[in-house]
Structure formats: structure tokens, C-alpha cells
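I opened my notebook to see how the two chains meet. Here is what I looked up.

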Amino acid sequence: MSNISITDLRKSYGQVEVIHGVSLDIEPGEFVVFVGPSGCGKSTLLRMIAGLEDITDGDLEIGGTLMNDVEPAQRGIAMVFQSYALYPHMTVADNMSFGLRMAHAPKDEIDRKVKDAARILQLEPLLDRKPAALSGGQRQRVAIGRAIVRDPDVFLFDEPLSNLDAELRVEMRVQIAKLHRTLSNTMIYVTHDQTEAMTLADRIVVLRAGHIEQVGTPIELYEDPDNAFVAGFIGSPRMNFLNARANGPKSVEVAGRTIPLPNLTADLRDGTALQLGIRPEHLDATDGVRLMMDVDVAEDLGATTFVHGTVGGETLVAERRAHVGNAVRELEICFAPDKVRLFDPDGARVR
Amino acid sequence: MGVSKTKQPLRKRGGKARSEERRFAFLFVMPALLLVVVFRIVPLIWGFVLSLTDARGVTEGAFIGFDNYAELARDPAFHDSMANTILLIATLPIWIMVPMLLAILIHQGVPGGKFYRAVYFFPATLSSVIVGSIFNVLLRNDGQLNQFLELFGIGAIDWLGNSNTALLSLIAVQLWATFGMSLLIFLAGLSTVPSDMIEAAKLEGASMLQTFWHVIIPTLRPIIEFVAVVTTIGVLTNMFGLIYVLTAGGPGTSTTLPEFLIWIELGRMNRPGYAAAISMVLFVLMAGIAYAQVRIMSRNVNV
Ligand SMILES: Nc1ncnc2c1ncn2[C@@H]1O[C@H](COP(=O)(O)OP(=O)(O)OP(=O)(O)O)[C@@H](O)[C@H]1O
Ligand SMILES: [Mg+2]
């Protein structure tokens with residue numbers, strides 16, 4: 001276990017800066033997930049921690065030691081790649097023991113560690129196989145096993161599940177969560193799948209274009225996003241955003257309806273343009289603000305139905321815990337005002 | 001690596017449909033097959049038939065059974081050419097290691113890698129006659145190489161005129177002239193080695209050398225095998241021009257390779273039957289070596 005401390009970390013490729021001063025403290029044993037859209041710099045940040053990318057500026061400390069210029073192998077980390085990065089010509093056991101063998105560790109120690117890791121990951125029957133003879137999920141477990149064998153302080157995962165099919169992804173997600181509970185190492189996990197982030201993380205770091213947008217527990221990000229980007233990124237289906245206009249210190253007008261927002265601490269100025277955010281799952285309240293929605297499509301998933309439609313010309317998705325049917329043309333939606341999140345036109349939260 | 005679960009296509013179908021499908025498939029393979037038969041197999045058989053005759057020049061030879069082969073077994077020139085061939089094949093590791101190591105260095109991104117790549121490849125675009133002419137000058141008794149060596153107090157060596165050095169000089173020149181092609185093949189192969197595999201090795205503390213030996217070279221195995229086979233065939237069949245220009249097989253028989261011997265017997269001695277017999281031996285030799293190489297290399301690769 002080890003704490004990681006990142007201070008004003010920057011990365012440039014030539015003239016182009018892609019990480020713009022990121023600061024973050026990670027507690028020992030914490031499971032931190034980096035999320036963000038493609039190209040936001042998640043992998044780059046992780047690879048800088050791993051030592052696979054040079055740090056252009058800023059400090060990286062692991063376990064209290066400055067690691068900026070320390071060799072990757074000396075940082076006490078192990079990494080699991082999206083592509084698994086297994087050695088195709090070696091058996092599973094040889095793949096897992098590669099690092100120890102290169103360091104000329106004693107044979108009985110190698111055997112013991114490989115056996116332990118194989119037991120944790122249920123890889124025992126596969127130890128003599130080559131990666132080509134494994135399924136995607138099994139390969140991923142081998143890649144994780146290879147990391148475990150190194151007995152690292154910190155595990156780094158770069159989108160480890162994105163090459164797996166949906167079902168297997170859920171299964172492996174649970175395995176990784178269990179693994180974290182068993183080993184209780186510090187783990188940093190990169191994904192662009194917000195479900196993985198929500199289910200695995202102790203804390204989520206939301207990145208956009210090389211900046212941290214918000215850091216917090218999954219519930220904090222879900223309930224109390226700092227800005228429209230985080231609000232839209234966390235939660236599925238994503239939060240609805242409707243154009244609104246302040247028509248009182250504590251009320252806004254949306255699609256011709258006045259919505260009172262008594263919980264607001266700030267006083268709104270009349271006529272200010274705003275964005276009103278409301279999650280699809282909160283449009284099924286029994287009392288609160290009622291609006292009529294013109295239904296375009298109803299997607300029935302069995303347990304829930306996602307109803308796509310418009311309110312006063314603005315598109316909206318509502319969730320229903322019941323069958324809606326395709327014939328419905330109009331649907332009454334209802335939400336409690338305390339579920340509304342307000343944002344200014346630039347996306348900053350208005351609390 | 002890559003695709004994991006390829007589903008086996010359903011094989012069992014109605015026998016009739018299958019044979020029909022086969023006939024149809026055969027139709028597509030036909031043209032290529034025809035070309036191979038007409039231009040490869042037929043000449044091979046024809047050559048074999050020729051080798052059983054005592055054909056001389058234009059006259060059609062009489063059938064003499066395996067007499068040509070019996071004569072080969074007693075022919076000192078042929079023995080020498082075989083000995084030279086063995087020496088040539090013994091240098092094969094150099095033919096593979098040199099381009100491979102240079103390719104790895106270029107791939108690692110040494111400064112000016114692209115320049116080296118172009119320079120190394122350049123001789124491969126030259127005809128062997130030109131290469132031969134260049135080295136005829138360079139390796140002469142008063143040539144530049146000897147002048148250069150003299151700076152270090154090493155006396156002049158008649159590189160091409162001395163039977164101890166002639167073959168090695170020839171090999172060195174051919175190596176210089178052709179390794180650029182192998183280098184390009186290795187570079188192409190290296191670009192398919194996944195970079196995160198190398199990064200994984202780095203994270204696990206493998207040294208540069210360990211990464212080469214345990215990760216990169218095993219991944220390159222199919223390429224090494226390919227280069228080995230192609231190079232073997234190349235040195236056994238493509239050195240004629242160089243020999244002709246540089247040494248004409250001499251001094252004595254010290255640079256006579258089977259290929260050159262074939263030409264002597266055919267062109268100078270006018271004995272196509274005998275030349276055909278040497279060709280057959282050369283063919284069997286090459287097929288044998290290629291087969292052995294593929295077997296050795298593929299024994300423990302199942303990537
Ligand atoms: N070698 C490079 N040279 C120049 N720019 C690069 C290089 N590698 C990455 N970048 C840029 O850095 C940014 C961050 O890339 P990064 O791979 O970290 O994104 P990511 O968040 O991991 O995205 P994804 O979810 O698609 O994996 C991107 O805009 C990318 O174009
Ligand atoms: Mg990435």
C-alpha cells in the first residue's frame with residue numbers, strides 16, 4: 001500500500017500540451033478511477049505514473065518518494081493493459097513469472113507466487129497453455145495475474161475490460177472489485193465507461209481535455225456535480241438539459257412553465273439564461289412539477305422503459321419502471337424540484 | 001494474439017454439395033496451378049530427364065541412366081563447389097544477424113534511422129555487375145581497401161586473387177549488396193511487434209538485452225525463418241553475376257559454387273546433361289535446407 005501524490009503534472013508532445021497541470025492525492029489502498037471522453041488524457045496520465053511517458057513538468061510522488069525520473073520497474077507499480085500485452089510465445093505460467101525470472105528470483109519463490117496468483121484468479125488449469133489458446137476473459141485474468149505476481153504497491157489498469165463482451169465485462173468487473181478487497185492495494189483504473197467508474201471506484205476523477213473537472217465519490221459526483229460536463233458524464237442515460245430562464249430569485253421558467261427552486265442558495269437574476277438538468281430516473285415522481293411530454297420512441301428493456309420525446313421543443317429522456325407501450329403519444333412527467341441541478345450557460349453549477 | 005474465439009465453420013454438409021463446391025473452387029485455382037505446372041514443374045521434370053542423358057550442345061543426347069550423377073561423385077570441381085557451398089551456408093547466421101541487429105537499432109529510433117535505412121538498402125538496387133565492378137577496384141592489390149589497411153601497417157592482401165580470402169571476400173561483397181532487403185523485411189516485422197508488449201517487459205524490469213532475447217526475437221521468429229530461407233536460396237542461386245565479374249570461380253576452384261559450375265559445364269564445356277545433373281543436386285540441396293530450416297524454426301512456435 002502506498003499513497004500517491006501528483007502536483008501540477010504536465011505533459012507536452014512537442015509544442016502541444018495535453019495534460020495541463022493535474023494535482024491529485026491518492027490515499028493508500030484507495031481505488032481511484034479516471035474517467036473522461038476519448039482523448040482527454042486518461043491513458044497519458046496513467047502512463048506518466050507508470051513511467052512509460054516522461055513527465056514534462058510537475059511532481060509525482062509514490063510512497064513519499066519523488067518518482068519523476070525513477071525507472072518504471074522501480075516504482076512499485078504493475079500495469080494491466082487494454083490489449084493484455086501477453087507474450088504470445090510463453091505459457092501462462094511463464095507469462096506470469098516473466099518479471100521474477102528476469103530478476104533471477106529463486107525458483108521456489110517464483111513457483112509459490114505464480115501458484116498463489118493462479119489460485120486467486122482461478123487460472124490453475126490454464127498454467128501450461130499459451131495465450132492463443134485462451135478466451136478474452138482468461139487472457140485478461142492472466143494479465144492481472146502477471147501484475148499480482150509482482151506484488152506491487154500500486155496497480156494500474158488502462159481500460160482492461162474494453163475488449164470483452166458486455167456479459168464478461170460485468171463478470172470481470174466484479175472480479176476486480178473482489179481483488180481490490182482481497183489485496184487492498186492502491187489501484188488506479190482508467191475507463192471511459194461510467195458504469196465501471198461508478199461501481200468500482202472509491203473516488204472518481206473526471207477528466208476533460210487534460211484538466212480535472214471534478215474529484216469525488218461516485219455518489220458525490222452523481223448527486224452534486226460541479227458542472228454540466230460531470231453531470232452529463234456520470235449517470236446513464238445521461239442527464240437531460242433544458243434551456244431555462246430565471247423569472248424570480250428562486251424560480252426558473254422552462255417550456256412556458258415556472259418551476260420553483262426553493263433549495264437554491266444563490267439568488268437568480270431575472271432573465272438570466274440557464275440550463276436546467278434533471279436525470280431521466282427522476283422524471284417519475286409522484287408529486288412535484290408536472291409537464292406533458294410528446295413521445296417519439298419508447299425503448300422497453302423489460303424492467304425499465306426509456307421514453308424519448310420532447311417538451312416544448314426540447315428533447316428529453318424519461319425513465320419508467322413499467323411498460324409504456326408504443327402507442328403512447330403523450331406522457332406526463334413529474335419531478336421533485338430538489339432533483340433539479342442548475343447550470344449557467346458555460347456549464348458551471350449554480351447552487 | 002488478436003482474434004480469440006474463431007468459430008469453426010460447420011464442415012459437415014451434404015456430400016454432393018461439397019464435391020460441387022470443390023469442383024467450383026478448383027476452377028478458381030486452375031490458372032495459378034497451370035502457371036506453376038507449366039513454368040515450374042515441367043521444366044523441373046524436363047531438367048531431370050535431361051540429366052539422365054549425355055546431351056551435348058544441340059544434339060539430343062542418349063539415355064545414360066545415372067552416369068552423370070556417378071561422374072559428379074568423382075568430379076573434384078564439384079567436390080570443391082560443395083565444400084564452398086558448405087562454407088557459404090555456415091556464414092548464414094551472419095546474413096541474418098547483421099540485418100536483424102541493424103533493424104532493431106533503427107527501430108529503436110537511433111538518430112538518423114531513416115537515413116541508414118535508405119543507405120543500407122541502396123546496394124540492393126544495384127545490379128551485381130555494377131557491385132562487382134566497384135569491388136574489383138576497391139579490393140585490387142593497389143585498391144582502396146589495401147591502401148586503408150596500410151595506414152595501420154597491414155601489408156597488402158590480394159583479396160580476390162588469394163584462394164584463402166577469395167571466397168570470404170566474395171561473401172562479404174554479396175552480404176553488403178543484399179542485406180538491405182533483409183533489413184527492410186525485419187523492419188516491417190518489427191513494426192508488428194506490439195509496443196505495449198515491450199512496455200510490459202520494461203515495467204517488469206527486463207533489461208534491454210532481456211527484452212530483445214525473450215520478447216522481441218521470439219516474436220520475430222516467423223520473420224527470421226522467412227529471411228533464413230530466402231537468404232539461403234539467394235546465396236545459392238544469385239551469386240553468379242558477382243562470381244563472374246569478381247573471380248570467375250577462381251583462383252582454381254576456390255570460389256566455384258554449384259551455380260557457377262552449372263554455367264561452366266553448360267556454357268563452356270557444352271554439356272547440358274551434366275549441367276542438368278548439377279542443377280538437380282542443387283535443387284535437392286536447397287529444398288532440403290529450406291525444409292530443415294522451416295522444421296527447426298517452427299518446432300516450438302505456435303503463435
Ligand atoms: N505520442 C503522442 N503525440 C502527440 N499527441 C499525443 C500522443 N499520445 C497522445 N497524444 C494526445 O494526447 C491526448 C490524450 O491522449 P490519451 O491517449 O491519454 O487519451 P485517453 O483519454 O486515454 O483516450 P482513450 O479513451 O481514447 O484511450 C490526445 O489528444 C492525443 O491525441
Ligand atoms: Mg486511453
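I began with the salt bridges and found two between chain A and chain B; each is a side-chain nitrogen of Lys or Arg within 4 Å of a carboxyl oxygen of Asp or Glu. In one of them, A:Arg47 pairs with B:Glu199, with 2.7 Å between the closest N and O atoms.

A caution for myself: this is a predicted model, where local features need pLDDT of at least 70, side-chain atom pairs count only at pLDDT 80 or more, and totals for chains, interfaces and linings use all residues. Residues are numbered from 1 along each chain as its sequence is written, chains are lettered from A in the order in which they are written, and side-chain values use heavy atoms, with hydrogens and water left out.

Next came contacts (heavy atoms within 4.5 Å): 26 residues of chain A touch 23 residues of chain B.

I then looked up the buried area, meaning the accessible area (1.4 Å probe) lost by two parts on being put together, summed over both. Chain A and chain B bury about 2,200 Å² between them, and 61% of this lies on carbon and sulfur atoms. Of the area that chain A buries against chain B, 24% comes from A:Pro88, A:His89 and A:Met102, more than from any other three residues.

Last, I turned to how chain B is divided. Its bounds come from an automatic or database domain assignment, which gives domain 1 (1-50) and domain 2 (91-256). The centres of domain 1 and domain 2 of chain B, taken over C-alpha atoms, are 37 Å apart.
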